[in-house]
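Thank you all for coming; I would like to walk through one structure with you this morning. Please have the sequence and the coordinates open while I talk.

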Amino acid sequence: MTRFLYEIAYARSGDKGSSANIGVIAKDSDSYALLVKLLTEERVAAHFKGLHPKRVIRYELPNLYAFNFVLEGVLDGGGSRSLRLDSQGKTLGQALLLMKI
Amino acid sequence: MKKIKIGNAQAFWGDRTVAPGILARQVPNLDYLTLDYLAEVSLSIMAIQREKDPSLGYAKDFLNVVESLIPLWKNGSKLKVICNAGGLNPEGCAKACIQLLSDAGLEEIKIGVISGDDVLQHIQSSPHRFINMESGEKADTISDSIVTANAYLGAEPLVEALKKGAQIVITGRIADPSLTVAPCMAEFGWSWDALDKIAAATIAGHVIECGTQATGGFSTEWLTIPHPENIGFPVVEVFEDGSFVVTKPENTGGAVTVETVKEQLLYEIGDPDNYLSPDITASFLSLTVEQEGVNRVRIKGAKGKPPTKKYKVSATYRDGFRADALLAVYGKDAAAKARRSGEIVIERVAQCGFKLERHLIECLGCGDIVPGVASSSPVEVVLRIAVADERKEAIECFSKEIAPLITSGPQGITGYTSGRPKVRPIFAYWPTLIDKGLVTPKVEVIAL
């Protein structure tokens, strides 16, 4: 059954220098279990291939039904150097939630 | 059990300047108010200000905050304020505050001034010893262009200032969560070995450091948040055992829920098992987050390990100039017309003799903010062109090539109302580490 990630999770993204992080919080334990299987580093990297992440690392926080994804190098020098409108990665959380899962 | 109430009324320099005064009035028994003024590039801006006038180099808006709190202090409020508005000149900031307080007859208020975060001289004298945490390059590469270098200090000097009776504490660069750790250490008398408690206070500081991001702001389900026009700023009630409740004032908009708090917990973190701060290495992996009541969320279970032996340093260096331009295009094939117009501008700048080092064309409305995720071709789009180059003249030339699109570009182009795009210097970010032993935080408590 195809759904969008936003139906079963929340997210919030921000910057860490030239990298961005995206926190993903599943709405309940069943959704968390599903995302452990489906929301892999490879799928997230593919979703953001337009930003050429050097590496995607997934950290798990089972106590919070959450994941933290770090996308290395996507912010192109970060803050004041990046030419992108979203130089601080504030839209990446909502972009991830558009993923079909 | 003893508890203290710590509020945050400023997430960044640019947040609502009226918020501190409002929060202090909404929560009359607030113990501490924390304010954050320093984003990555704020210190670079302050460096330029201080070059022109040595008495500057701090966030002058903080003086307006002090003015807004003076009536409360005159009325007997014991509210303490902790902030990094000091920037590159905490002493200058404190002196200006003393003047305001003295004019208001509040001579008894003491101000703690924390400095010692400025490590520019260390980097300039031994650049080969400092390595960029991202690129691995040595600081020799930025010897000629470095502007600022500041270490993120921890809570210890602030605790000293509070124990010496400071009611306002002004710092330069400091780790944001330390603004919350310091009052907890001062009030509860925790030992620096109480690692789990320090981790808890650090996490509490992390939750409130972005202001309304803890009370429904910047949340996924934002459309469901009640009364966002009146959104309350966060208050954290920290208990002696280290547990804490995140809440907001009564009769304000926003929402403090498990969802909004979890989103903020995960904001701008790396490895959640090793959240690094100068005071502690905290783990989020044993936290519990529970709704305790309406707009009250309790967090327990923080675990801490000793902090690392280094301070993180944020250095900035001049890296050329930049400008960005916006124009809108409406009608059939709007996206194609917009992109073509952007390419024309870059080509014309090249014709003037400047092949721009970097440029980016984004078609806003087409999905270009995050390329490759979703795309569409709407009837109206905003063309954004951003450019950067070492040569100021190249950027000035670009700035003059936007208006001509009005008469030579596609029909349907509009929106040239704000004049030529501003040419701005780039202060790029250069993160590194410095041994704590090389840095000496300085604490001064002054009064009139």
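This is a predicted model: local features need pLDDT of at least 70, side-chain atom pairs count only at pLDDT 80 or more; totals for chains, interfaces and linings use all residues.

Let me begin with a question: over how many bridges do strand S10 (residues 281–283) of chain B and S13(B) pair, and in which sense? The two strands pair in the antiparallel sense, over three bridges. Residues are numbered from 1 along each chain as its sequence is written, chains are lettered from A and ligands numbered from 1 in the order in which they are written, and side-chain values use heavy atoms, with hydrogens and water left out.

Let me turn to chain A. This chain holds three helices and four strands, and along the sequence they follow the pattern β-β-α-α-β-β-α. The radius of gyration of chain A, taken over C-alpha atoms, is 13 Å, which agrees with the value near 13 Å for a compact globule of 101 residues, the globule rule being 2.2 Å times the number of residues to the power 0.38. The C-alpha trace of chain A spans about 40 × 25 × 20 Å along its principal axes. Of the 101 residues in chain A, 56% are buried, where buried means under 20% relative accessible area, exposed over 50%, and partly exposed in between, with a 1.4 Å probe and protein chains only.

How are the strands of chain A arranged? Four strands form an open antiparallel sheet in the order S1-S2-S4-S3. Strand S1 (9–16) and strand S3 (55–61) of chain A are at the edges with a single partner strand each, so one side of each has no neighbour in the sheet. On average, and with direction ignored, neighbouring strands of this sheet are turned by 20° against each other. Strand S2 (residues 19–26) and strand S4 (residues 66–72) of chain A pair in the antiparallel sense over six bridges, and A:Ala20 has A:Leu71 as its bridge partner in S4(A).

This sheet is also where chain B comes in, since helix H9 (residues 258–265) of chain B packs on the sheet, touching S1 and S2 of chain A, with its direction at about 30° to that of S1(A); contact means heavy atoms within 4.5 Å. Seven of the eight residues of H9(B) are buried, so the helix is largely enclosed by the rest of the structure. Besides S1 and S2 of chain A, the buried residues of H9(B) pack against H8, strand S8 (244–247), strand S11 (288–293) and strand S12 (296–300) of chain B.

Elsewhere in chain B, strand S5 (residues 146–151) is mostly covered, with six of its six residues buried. S5(B) pairs with strand S14 (residues 310–330) of chain B in the antiparallel sense over five bridges, and B:Ala151 stands opposite B:Val313 in S14(B).

Finally, a word on the cysteines. The structure holds zero disulfides over all chains, a disulfide being a pair of cysteine sulfur atoms within 2.5 Å. For B:Cys352, the closest cysteine sulfur is that of B:Cys397 at 3.8 Å, too far for a bond. B:Cys352 counts as partly exposed at 44% relative accessibility, whereas B:Cys366, at 3%, counts as buried.

Note on methods: Two strands pair if DSSP finds at least two bridges between them. Axes are lines fitted to C-alpha atoms, for helices over the stretch in contact, and angles run from 0 to 180 degrees between N-to-C directions.
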